Amino acid sequence: MTLDNTGERFIPGSGAEIAYEHYGRYLFSQPLADNKRVLDIPCGEGFGSALLMKYAHSVVGIDRDSSAIAHATRYYQHKDLQYRVADMTCPLQFPSGSFDLITCFEGIEHIDAAGQAIFLRECARVLTKKGTLCISTPNKLIYADARYTHNAWHLKEFYFQEFCDFLGAVFPSCTILGQMSFTGAIIAPLDVGTQKRTYDMMIAPFFPFDQRTVGTFCKEQHEWVYFLAICQKDGALPSQKTFAGHVVVDQRRSAILEALDNEKHAAVLPEHLQRWAIGHRDGVSKLITRLLEQEYAISEKHAPTETAL
């Protein structure tokens, strides 16, 4: 069974930048799920629930799309991982205090204001007294307003203070983190700890980079593309490790290769074809990613073996 890529949910392999974002949220949340009973809602095609299951005691993934749940049940199997069809806007069919952690990534904006209020109250109800809600959503100011775009699947997006007020009405402690994707370089200590804090992902995002404007990285609260909130039911603050943030690293530099390839071909295209390429950028990017992956696999297969002298 193959899910159609309608744009409503992320499907692994469907795009580079979105893969950084979605994988990043779940990888960030894995330590929070350590030996915990986890509810992942909405779970989409199921990859995130499976990632959490690597750390969690048990995971329940919920989505309103029965085809997504059927796909998840087939492809991500574990004795303590289950998937169910349910709607976020309806009361959750679990007793109070059933979960230690709830993850809700890029789901809250897909329901209207009334449904959002119901969902947040239900999250608080099914969490234990010391339970945690980890929830993300696009920053409307950057995601929509600054781009002059509207996502047809999003019914109610949030500005920064609006999101804070929404969560604070139910949860006494909420820490808001920012998320956005970059390409660049990393300098890190050569110790085992570094290896445990980074992840290698073979995907190909594209971001413009202007060498004339290089400065210290610093973003105001309202400038991040996405907000990720950690809400504690008992009012306690998250651990200091959580505040330290999270980095996903693409060691194969596929982003740079894709950017150079795009620039090279764009320079020789007639103007009308350049306009076509821009309009079909997602499809072209997906094709380039597949070609790069195949090229890498072939080079690895035929690489000469070293012999000891």
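**Salt bridges and the packed interior**

Reply: Asp65 pairs with Arg9 in a salt bridge, with 2.5 Å between the closest N and O atoms. This pair links distant parts of the chain, 56 residues apart. Asp65 sits in the loop between strand 2 (58–63) and helix 3 (66–75). Arg9 belongs to the segment before helix 1 (16–29). Arg9 counts as buried because its relative accessibility is 14%, and the cut-off for buried is under 20%. Keep in mind that this is a predicted model.

The whole structure holds 6 salt bridges. Side chains of opposite charge can pair when their charged atoms come close. Two further pairs are worth a look. Lys79 and Asp80 meet through their side chains at 2.8 Å, N to O. Lys79 is exposed, at 74% relative accessibility. Asp80 is partly exposed, at 27%. Lys156 and Glu162 form another salt bridge, at 2.4 Å from N to O. Lys156 has 21% relative accessibility, so it counts as partly exposed. Glu162 is partly exposed too, with a relative accessible area of 29%.

Now take a charged residue without a partner. Glu109 lies in the loop between strand 4 and helix 4. Glu109 is buried, yet it has no salt bridge. The nearest side chain of opposite charge is that of Arg25, 7.6 Å away. What does Glu109 touch, leaving out residues up to four places away in sequence? Its contacts include Lys156, along with Gln116, Ser136, Thr137 and Pro138. Trp153, His154, Leu155 and Glu157 are also in contact with Glu109.

The largest nonpolar core has 29 residues. Leu39, Leu133 and Ile135 touch the most other members. Strand 2, strand 4 (99–105), helix 4 (113–126), strand 5 (127–138), helix 6 (160–168) and strand 7 (226–232) each give two or more residues to this core. Helix 4 supplies the largest share, 5 residues. Leu133 shows who meets whom. Beyond its neighbours within four places in sequence, Leu133 contacts Ile102, Leu120, Cys123 and Leu127, among others. Phe171, Ala229, Ile230 and Cys231 are also on the contact list of Leu133. Another core, of 24 residues, lies apart from the largest one. Among its members are Phe10, Ile69, Leu101 and Leu228.

An α-helix has 3.6 residues a turn, so residues three or four places apart point the same way.

Asn139 is in the loop between strand 5 and helix 5 (140–145). Asn139 counts as buried because its relative accessible area is 1%. Apart from residues up to four places away in sequence, Asn139 touches Ala144, Phe158 and Tyr159, among others. Its contacts also include the run His222, Glu223, Trp224, Val225, Tyr226 and Phe227.

Terms used: Residues are numbered from 1 along each chain as its sequence is written. This is a predicted model: local features need pLDDT of at least 70, side-chain atom pairs count only at pLDDT 80 or more; totals for chains, interfaces and linings use all residues. Side-chain values use heavy atoms; hydrogens and water are left out. A salt bridge is a side-chain nitrogen of Lys or Arg within 4 Å of a carboxyl oxygen of Asp or Glu. Helices (H or I, at least four residues) and strands (E, at least two) are DSSP runs, numbered from the N terminus. Buried means under 20% relative accessible area, exposed over 50%, partly exposed in between (1.4 Å probe, protein chains only). A nonpolar core is a set of buried Ala, Val, Leu, Ile, Met, Phe, Trp, Tyr and Cys residues joined through side-chain atoms within 4.5 Å. Contact means heavy atoms within 4.5 Å. Lys and Arg count as positive and Asp and Glu as negative; His and the chain ends are not counted.
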